[in-house]
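Subject: Structure for you to look at

Hello,

Here is the structure I said I would pass on. Please open it first, then read the notes below it.

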Amino acid sequence: MPTGNIERRKLLKLIGSGATSVALAGCQGTQQTETTDGSSGSDSTATEQTSDDGSGGSGGSGGNDFHFIAGQVFGTLDPAEQVDYTQGLAAQNLYDELITVDAETLQPTAHIAESWDTEDEGQTWVFTLRDDVTFSDGTPLTADDVAYSLTRMLELQRGYSSFWLDYLDPSNITVRDERTVAFEFNQAYGPALATFVQFYIVNSAVVQENEQDGDYGNAYLQNNSAGSGAYVLDNWEQGNSIEASAYEDYWKGWSEDSFDTFRSTVITEESTIKTTMQQGEGDMTDQYMGTQAYAEMDSYSNVRVPEVPQLQLFHFPLNCQKAPTDDINVRKAIAYAFDYDSAVNDIIGGGGVAAGPVPREMAGHNGDLVPMEQDLDKAKEFLDKADYSVEEINEIGLEHVVVAGTELQRQMGLLNQAGLNELGIDLEINPLQWARLTDRATSAESTAHMTNIFHTAKMPSPDSHTYLMYHPSSFGSYISQSWYSTDEIAATLEEARKSTDLQSRLEKYEEAQALIVEGMPSVYIANPPYRIGINENVEGWQYRGVMSFDWDVHSMTRSGEGRAK
Amino acid sequence: MSYVDYLVRRAIHSVPVIFGLSVLIFLISRVIPGDPVRLALGPEATDQQVAALRAEMGLDQPLPMQYVDWLVGVVQGDWGMSLRTNNNVFSDIVARLPATLELTVVTLFCAVLLAIPFGVVAGTNKDRWQDHLSRITALFGVSMPRFWVAIVLQIVFVVSLGLLPLSGRLSDGVAPPPAVTRLYLVDSLIAGQFGTFVDAATHLLLPTVALGLATLAQVMRLIRSDMIDEQRKDYVLAARAYGLPNTLIEYKYMLQNAFTSSLTVVGLAFGFLLGNAFLVEIVFAWPGMARYGVQAILYQDFNAIVGVTIVVGIGFVTANFVVDLLYGYLDPRVRLEEG
Amino acid sequence: MADPILEVKNLHVHFETHDGTAEVINGIDFTIERGETAALVGETGCGKSVTVKSIMGLLPSATIPEGEIRYKGEDVLSLSDAERHSRRGKEMSMIMQDPMTSLNPVLTVGEQMMDVLKWQGRPRLSLSKLVRDALSTGSKAEYRRRAIEMLGEVEISAPERVFESYPVELSGGMRQRVLIAIALLSEPDLLIADEPGTALDVTTEAKVLDLLDELVEERDTSVLYITHDLGVAREVSDRINVMYAGEIVEQAPTADLFANPQHPYTRGLLESIPTLSTGIGDGIEGHLPDYTDPPAGCRFADRCPHAEPACYDAYPYPRQTGPDHATACHLFSGTPARERHESLAAERVDIGTAPWLAGGDVAGGGDAPGDVSADGGTDQ
Amino acid sequence: MNDSAYTTDSTAAAQRDRDLDDPMVTVENLKKHFPLFEGILQKKAGEVRAVDGVSFSIAEGETFGLVGESGSGKTTTGRSMLRLTEPTSGRVEIDGQNVVDLSDGELKRFRRNMQIVHQDPSSSLNPRHRVKSIIEAPLKIHDYGDSEARLERVEELLDMVDLPREFMYRYPGQLSGGQKQRVGIARAVALNPKFVVLDEPTSALDVSVQARIINILEEIQEEFGITYLFITHDLSLLKNVADRIGVMYLGRLVEVGDVDSVFGSPQHPYSRALLSAISTISEEDELAKPDRITLDGEVPDPREKPSGCAFRSRCAHEFDACAVEEPDLYERGPDQVSRCFLHDDRFEEGAEWE
Amino acid sequence: MSTKTTIPFFDTESAARKERIRQLKRGFRTFAGNKLSLVGLAMILTLVAAALLAPYIAPFPEHAGAGVYFDQASEPPSATHLMGTDTTGRDIFSRVLFGARLSLLMSGVVLSIAISIGVTLGLIAGYLGGTTNTVIMRVTDIFLAIPPTLLAMAVVAATGASLFNVMVAIAFSWWSWYARLVQGEVLSIKEDEFIESSRALGSGWMRTTFREILPNVVSPITVKATLDMGFVILVGAGLSFLGLGAQPPTPTWGAMIAQGRNYVTSFWWIAVFPGLAISFAVLGFNFIGDGLRDVLDVEVD
């Protein structure tokens, strides 16, 4: 895969931080939690925590203990419901996904499914499973478990089930033999393989045994794990902590320095997280605190803060169906008035200016696209060409929605306000709670003129940064707040989905990007870097493209005696 | 007999208050414009998913029906699911209530305990320096935003001096004492874990100060003015005329009356204290119900909002009931007069 | 007679107010002999209560620039706080006016009586005594016995029940008896009764007064009786001091006062009282002077129908107008009742004779206005 | 004191020759019961019969005195008559109009004919209003002329109660008790009412002030022929102001009669006891009242009235019949009735009674 | 009529005026006798002046509006920036001055609403009594049972964060205190005989309530309102602190503290100065209220 657009500086840093390589594709979990909770590090109010409660019990006792500090609660432990990063963290360590992401190529790769094939021109996908995988109760993982787990997701209709709901009927899941399972989609479905990284397999026998009122064991899985993952749940204290210990017969095996137990406690206060890390009480933080916090942690002798590019876009979608942003010249004026440099350097403090909707490091990014720069003269030119005068614009009132409570979001608003101020445009900043924001995104009339959005891919495919943003069938979600598409864009994106060949699919996506950018439906601002705090004595951490995959504790080891203090 | 009557009547009076409170809060929470269902399902959710969950949560019902369903659930201990924690609100609150109780009760207790001698001294030295000092201190005490005091305390005692822990209920690595009351101060003593007790107490210190300063001031001023009122009472003059020692008159004769009339306001002060706990818990990352409430509100997690508000309402009503109870105990007029 | 139990000499009491110094008591003198009941009579705001509180030492906010209060010959104003405290209640006690408010509502009658027995006269709480009392059931029982006995003495029919009761459970009459019982607990030699019974219904008041009379008679207690009601004073006292605006305007043995009222204020007052046998008078026009700016001369001059310009300037020192009868009015001539006024007497302010004496044949007595005391007078 | 226009003249005095055949005020069987609530659910558990069947009449220009101890229901009687508290039943005819039947609107208009002077002058005047607006209030309510006419009337009234006109701009807090009560009187008579209830108008005042107030009231009565109901606990005072009096005990009139008859020869044991308790300032008065009669205990709780004769629990003459039924009023003189079985020759105990 | 004491020309106007001036003077003397209330008055006058003159005295008035100045971000207090700058480089002193406007405006509006509702309901409940009283007071109890901060938070969450909504929300949770205060006062005033006198004169309930009762509850309302001016600022600041107040770039004190709170370890001034401003304002109102309490001799809670 091409790695050309990774700057050398970053690559070095990346390597230095312990990642072996970075390539394209990959994705991170849901956007929603990230913007509300993820960035909540800078505002404690947005999430839950109990700093201390969970640390008792098995946590500190002997053994090699991995302590993760999460900024938000674990809402559910059912892998069929997981959407956000803490839920992903739990699933990743307690269960196994059908397909995983290759740490080196960041492409979908074999995991529980050791091989696969397509039939009917990409409409049916057939997976062959490994034969050495056992659940934590010792029973082997079979095709029945896979079929049950997927049926379960489709029936529960929670979590990432939306990846398949429109394309796959539960009756079209077939178990061909103990190790083979086939999914027959309604149409050729190119991204299917990528989507299965979000498909975790449960022990069908145990779950079925514990079904209540047709809940597919949902209640049972809140307090128990029934997976084949590296760790088995010991204790979950709602809102406070989870504790798990190693499954000895895990199919990937164990090394000397692997962690015997892993626990995750919830702390939302940035200051507390920093203190905890500084005192050598924690092994790893999440990536959603304020820029300042990582800078500070980096200065601690016992903590390192790797900074790597990630597959994320920060932008302001411009509502193209609402005056005055329905005028392309107004949109261009807004885009040229924005101070990208300050946004990246002063506010985000790293990463690069975005070039189009698809993150630059993602496979399928159109390398021909050029990042925007502030140019007030051009902005004025476009404004002069626009159908609306400045007075008219001010009369209508431009609204910029930011997510309430976080410093970064607020500063982005202020920066935008300052830029537009130069054009004589008054901008109203409207901080909204996330729920309100998503609610407003359901119709073009209620969607704001612009909205701060962090958009992380959900799977290792550019599909989510194109199809989900600019295909009319995707409209109504917070991701598609531009309400912008053309027949040409739509057709190109549909072709991409149907194509089973990776390379031609990526080409289609690149084509679509060029078409999209012409319409200036967004102010594409940045591809922010990925930063987390790690105790110096933890090794083996890698950035793995999909949210929470990089917190696979099994892949990490302890060097030295205990945590670095 | 009539004391019991009185108490039962007071208790019965609070029922419509709680009921009305639930209606009020229920209505407020349901007009919250965000879409809780989308929030729970994540961004990729399809319309079917949304509709299904909506039906499951009963949100497609008319409001009165939703209320009835909710009320029935409440009575059965099912307070609905929190959209944020995905857990039963009741168990969420039960898990967090002890922390809030520990904070508020300890604060109230300390505030009242300190307010009594200060109030008596100020009241019996009206217009002397003791009184002026107490007045100025009190006015400062009630004028500073409690959340800001909390931050300033953190800057001074944690950041600059490094004397006290920044936040939370216990230091990392200190295991909570075996749960009996879930109040760490009490539990650690029961278990004989003195170290844990000290740790819990040091964590409690700053939040208590931040939260209690204004309450202390409020109650102190109240006791002062009630003491001044008492001084004008005939029975005080009588007691002096009988040659009783001043200390006895002040602390036995006057204080009991003064405190009785201050009591009703202590009940109200508890309400304010609870209200401010919402801000102080946030600052100190106190893992209590108030913090849960703020987050519920910011997250528009309406079952949790309703739950927390009801519990706070019940707490307030209970506090006032306890006040009534004490009032009746301390003032025989309430107990003995019929009607 | 033996030396008096209480002698008040030239007592002045001042208060500081926003509007200046209020000269509330302006040089009063009176004496109570042992076993005597003296009354201090005056209307609202005349300074009765202040006088009483000065005697008891219960006026912390006032200043006493001049004067002596001699209790059994000893000037209590010169005593230390502790010494005064030790006499309070034990030597001289007080019955408060309003039975509804003078008992602590939150303590039982018994508790309040026991406190008096336990702590009376002690300047401060002592821990050792607290402990000793808590440990010793004997002394507690003794206190209780004594308290209940006292309740019996004030003719309370169920003393044990009343002992356990809170004031709110008792009727007004009952409470007034309790107040009397408390005041008499330590058998004081001087009892100050501040309008006891005024707050009660007439039939109850009459009973309480009779009871009190009996009790002090038995004990030979001296009583200073404060009242606004001349009728009551007539019934209970041996000697009456009439007070107006912080001064004693007339003092005389009870019978003499009613037979031969002299001061225009006394006469106006008597005239105002509705009677059964005669009519009701016209009352006294006007109101009390401002204590912060009192007239230099007679404080009653403003309201006095006989006032002459001189009355406003010259201080009407009390003068002897009959045997054991002193009146502070320029209408009367006589030797100063107090030595300190001799220089004033030398100035001889003369405004003439009281009109009711002018045509009369009995010097210093006789024809009272409106027939009020005419008959009473002849009876003497 | 001041020679005013209200001094007694013969025509006014003649008017006081009462004409009870055509009374100004008639009260028939007036009752006022207050419900008593008890228990957790506040059920009605009985009632306090504060006024329990009171009947009397007052001739025009006459003063009827109502005397009794606290809790006797005298004040409630006065208030019920003016419908300041709604009477439970009975008839109150004032100037030929049954007040109990009046609708709210009619009652409001009729109020100009009946007024009240309250006991406590400090509380009966609104501390936030100036004297002028206090006295002007009834004039405004009943549309008395324009502001000039009203001002003139206020000045007139101030003169009438002997207050300087500049007091108009003072607040009640700046007046002495007697002055306040004069304002209260001025307000009550502002509209020339036919009937005024004087509810202990002087009991909060010093005697020297009381006399002035009584004089003013009498002057006004003589000038305008107002009918007074004078409520008080002070018998000596009543002796001086009333033409006829009624003695109340626990909601019932126990004795009614001409003032001289009742004072000269009280018939009911309670009246006697009351009279005997008066403190006097002269030997003559001492002789004029009965010898001290001590009553047992105190007035019972009105909620727990004794059966039969309510007074029997304190009466020295109580006998069996007293507990069984309540005595009626017995004619004891040309204008004197008394409610006591001692007057009944059915019982031999009556013989003891002179 | 009598001819005595007739004053030929009686200047009612000037007599009334003289009397009023006398009262005012006495009131002021008592008020000024309490030094703290004078200090309070001075503080509030300063505050009002700051609010009114903010655009003229603020060194960087533009910093209260849209604009970012990253080149001077997070500077400590200095001669140029008396209170330092925040993380976007805006002058905190200027923003604090502008914040005074909002605080005063908010408090004023909230109390106007709360007092109108509360006083009206309290008067009606207290005077009419019976079922009306029960219903109104039960509703009041419900509102009293939730701390204003919590109720206002819930309302703002429901209506969306804006200055207007915050004001409505606080008023919504505040009126009950006035209803309770007034009802209590009315109940006790109703016992006074002048109310019965008024009824005896034939006045209707409107007249009795508004002419007779209302003037007597003005004092406690005034004292409470003065103290509440400060307390509403506190509650408003609390809401802003949680991000539920006026929106950026509006300089509200609470929001400024919230912003600074994340940087207490490195840039203490960002949180400290707005907090001092709040304390200053609230303290000023408390001083005055305390003084007024003495002058008017009333107790409010």
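D:Arg79 and E:Glu196 form a salt bridge, with their closest N and O atoms 2.2 Å apart. Please keep in mind that this is a predicted model. Across the interface of chain D and chain E, the rule finds 1 salt bridge and 15 residue pairs in polar contact. On the chain D side, strand 6 (114–117), helix 4 (121–124), helix 5 (131–141) and helix 6 (147–160) each supply at least two of the residues that touch chain E. In total, 41 residues of chain D are in contact with 31 residues of chain E. The two chains bury about 3200 Å² between them, and carbon and sulfur atoms account for 52% of that area.

Chain C comes next. Its domain assignment gives domain 1 (6–240) and domain 2 (253–360), and the C-alpha centres of these two domains lie 31 Å apart. Contact between them involves 23 residues of domain 1 and 17 residues of domain 2. The area buried there is about 1700 Å², with 51% of it from carbon and sulfur atoms. How many salt bridges does the rule find across this interface of chain C? There are 4. The side chains of C:Arg338 and C:Asp29 also meet in a salt bridge, at 3.8 Å from N to O. The rule finds 11 residue pairs in polar contact across the interface of the two domains. Strand 2 of chain C gives the most to the side of domain 1 that touches domain 2, with 8 residues.

Now the nonpolar cores. Of the 291 residues in the largest one, C:Leu6, E:Ile170, E:Phe241 and E:Trp253 touch the most other members. Helix 11 (residues 246–283) of chain B gives the most to this core, with 19 residues. Domain 1 and domain 2 of chain C both give residues to this core, so it lies between them. E:Phe241 touches residues of chain B and chain E, among them B:Phe147, B:Leu279, E:Ile257 and E:Arg261. A second, separate core has 115 residues, including A:Phe74 and A:Met556.

Is E:Thr46 buried or partly exposed? Its relative accessibility is 45%, so E:Thr46 counts as partly exposed. The side chain of E:Thr46 reaches the backbone oxygen of E:Ala42 at 2.6 Å. E:Thr46 and E:Phe280 are 234 residues apart in sequence, and their C-alpha atoms are 10 Å apart in space.

Regards

Notes: Residues are numbered from 1 along each chain as its sequence is written. Chains are lettered from A and ligands numbered from 1 in the order in which they are written. This is a predicted model: local features need pLDDT of at least 70, side-chain atom pairs count only at pLDDT 80 or more; totals for chains, interfaces and linings use all residues. Side-chain values use heavy atoms; hydrogens and water are left out. A nonpolar core is a set of buried Ala, Val, Leu, Ile, Met, Phe, Trp, Tyr and Cys residues joined through side-chain atoms within 4.5 Å. Buried means under 20% relative accessible area, exposed over 50%, partly exposed in between (1.4 Å probe, protein chains only). Helices (H or I, at least four residues) and strands (E, at least two) are DSSP runs, numbered from the N terminus. Domain bounds come from an automatic or database domain assignment. Contact means heavy atoms within 4.5 Å. A polar contact is a pair of N or O atoms within 3.5 Å; within protein, one must be able to donate a hydrogen and the other to accept it, and residues adjacent in sequence count only if both atoms are side-chain atoms. Buried area is the accessible area (1.4 Å probe) that two parts lose on being put together, summed over both. Lists of a residue's contacts leave out its neighbours within four places in sequence.
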